[in-house]
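This briefing is written for a reader who is new to protein structures. Please view the sequence and the model below before reading on.

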Amino acid sequence: RTDSATVGSQTDVELETLADPRAVAAGHRRLSGGGGPSLHHGVEKRLEFEIASAPDVLYVVIETSCPVAVGVAAEVASLGVIGKGQQWAALVLLVIVLAMILTEIVHRTLAAFVGAAGVLLILAMEHRLPPVSNIIAWMDHGTLALLWGMMVIVALLSRTGVFEWCAVRVCERAKGSMWKLYAMLMCLDAVTSAFLDNVTTILLFGPVVIALCRAVRVSPKPMLISLALFGNIGGSATMIGDPPNIIIGNAFSDEINFVDFLLVLGPIVMILMPIGLGFARWYYGQEYFALSIDVDIEVLKKQYPIKEPKLLIQAGAVLSVCLLMFFLHPVTHLDPAYCACFGATLLLVMCDHHDFDYAIGKVEWDSLLFFAGLFVFTEGVAELGLLREIAAALIALIELIPIESRQTGAIIMLQIIAAFASAFVDNIPFTATMIPVLRATADKVEGVSLEPMIWALSLGACLGGIGTLIGASCNVVMSGIAEEAGYHVSFVEFFKVGWPMMCIVTVVSCVYMVILHAAGFYD
């Protein structure tokens, strides 16, 4: 703790998080699937504060209840002129990168790399450029490895013709109704996303939707965009359905568990599904859903048979084992990225060199590079203190609310801020940044409990990913699948349907959270 006359109040909040070892662990960014370090070993927390004046002597006392030895290192750095306005510099850079992606003047991967280079340049001007090993660690290796492994497995599955075969059967079940076909696919997408994760679901369902729409001669873009939207909604229901929920579940394992996610978030997802379907029906209108699927099913069955039964058995077996391990993640705690990579490697070993070349060629390397650049950019923005400023402002706003209605106001405010921030900044680093803020707020602000804020952050971060093309990982994966098939989904095209849907489901979920609080659900 430091003298408040010397260091700002924000420092007191950050330094005092050291008093709780769980808060230190929560501050560490965990990989997708909970692959972070254990609670007390290898945990690293960096605290930064600015000395407002230049005292002759400055005393810093750090207290901790951690049961093992804690190492403390202090470093004094002169940030120069740019250090005083680093948050504004980060905000300007964020706006520039978003504008580049929005206008598509350059490829989104290049825009992410420009943003990453920009934050590193600012850090270098402040004399605190991190080593290359730290920059590499900023990339979410769990997400990248999961994507690569599933891309390889799905690519080899597509070689067998099984996706076209499934598309014909789904089309047969729809009995000529475009709306029935759409509703069936979106409900299946949401349920699957809840118990796998929405990135894996997009990788599995995307090729099926493209094959199906080609078979009935309609544009697949409305259905592909909708897959991402309803995948985000469905993934909100469980601890393993969306990366922010994985991070939250690991960080607050003493307060909540896998079943709690289903009990609290499952009902609101069931409420949001018909609302989302109703909005989609209104947005795309009768012109799209009035289309009749006028095809000869028997001809399609002959046109799209299974082409490579042996490869289908091999790839199907590997995929089935991977999906089973995904389901068992709460029990085994095995990172899904390991399952996907092991499965992909085993499948590549079993297939011949032609299949190997095909699978590697079908991997969406531009999407993987986009994710890598985006992770470095968003972590750099957090390093410059922009997300920390947002968190500090949130605490200050909550303290302004009268104590009798402070919990309700905190739920609404946190969920709305999380939703809007996650729409423009990847929700993984945002969620990791907000976790210690929640603990500090619950400890310091009178009239605010921790558990309601946990669920508000979860819903806000997951549903906020609906808003823009870069808001969630599955959105970007969907865009890459569409691009690979020759259908370009622009930022604006996604924004037109995603942003209003995000606003609607966020308002409804806020009402749901307030009702739970008023009914004494958390007492």
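Over the ring of which residue does the charged end of Arg281 sit? The charged end of Arg281 sits over the ring of Trp179, 4.5 Å from the ring centre; a charge sits over a ring if NZ of Lys or CZ of Arg is within 6 Å of the ring centre and within 35 degrees of the ring normal. The model is predicted: local features need pLDDT of at least 70, side-chain atom pairs count only at pLDDT 80 or more, and totals for chains, interfaces and linings use all residues. Residues are numbered from 1 along each chain as its sequence is written, and side-chain values use heavy atoms, with hydrogens and water left out.

**Charges and rings**

- The ring of Phe370 has the charged end of Arg108 over it, 5.4 Å from the ring centre.
- Trp179 also belongs to a cluster linked by ring pairs, together with Tyr182, Phe279, Trp282, Tyr283, Tyr284, Tyr288 and Phe289.

**Aromatic pairs**

- The structure contains 14 aromatic pairs (rings of Phe, Tyr and Trp, the last by its six-membered ring, with centres within 6.5 Å; planes under 30 degrees apart are stacked, over 60 edge-to-face and the rest tilted).
- Tyr283 and Tyr284 form an edge-to-face pair, because their ring centres are 5.1 Å apart and their planes stand at 85°.
- Tyr283 is partly exposed at 31% relative accessible area, whereas Tyr284 is buried at 16% (buried means under 20% relative accessible area, exposed over 50% and partly exposed in between, with a 1.4 Å probe and protein chains only).
- Phe491 and Phe495 form a stacked pair, with 6.3 Å from centre to centre and 15° between the planes.
- These two residues are 4 residues apart in helix H25 (residues 491-518), so about one helical turn separates Phe491 and Phe495; helices are DSSP runs (H or I, at least four residues) numbered from the N terminus.
- Phe491 is buried, at 4% relative accessibility, while Phe495 is partly exposed, at 28%.

**The second largest pocket**

- The second largest pocket holds about 500 Å³ of space (on a 1 Å grid over the protein atoms alone, a pocket is an open set of points where a 1.4 Å probe fits, with protein on both sides within 12 Å along at least five of seven lines; the volume is the space filled by probe spheres set on the points).
- Its lining has 21 residues, and the closest to the pocket centre are Ser158, Pro207, Ile210, Lys362 and Glu484; lining residues have an atom within 4 Å of a point.
- Helix H10 gives the most to this lining, with 6 residues.
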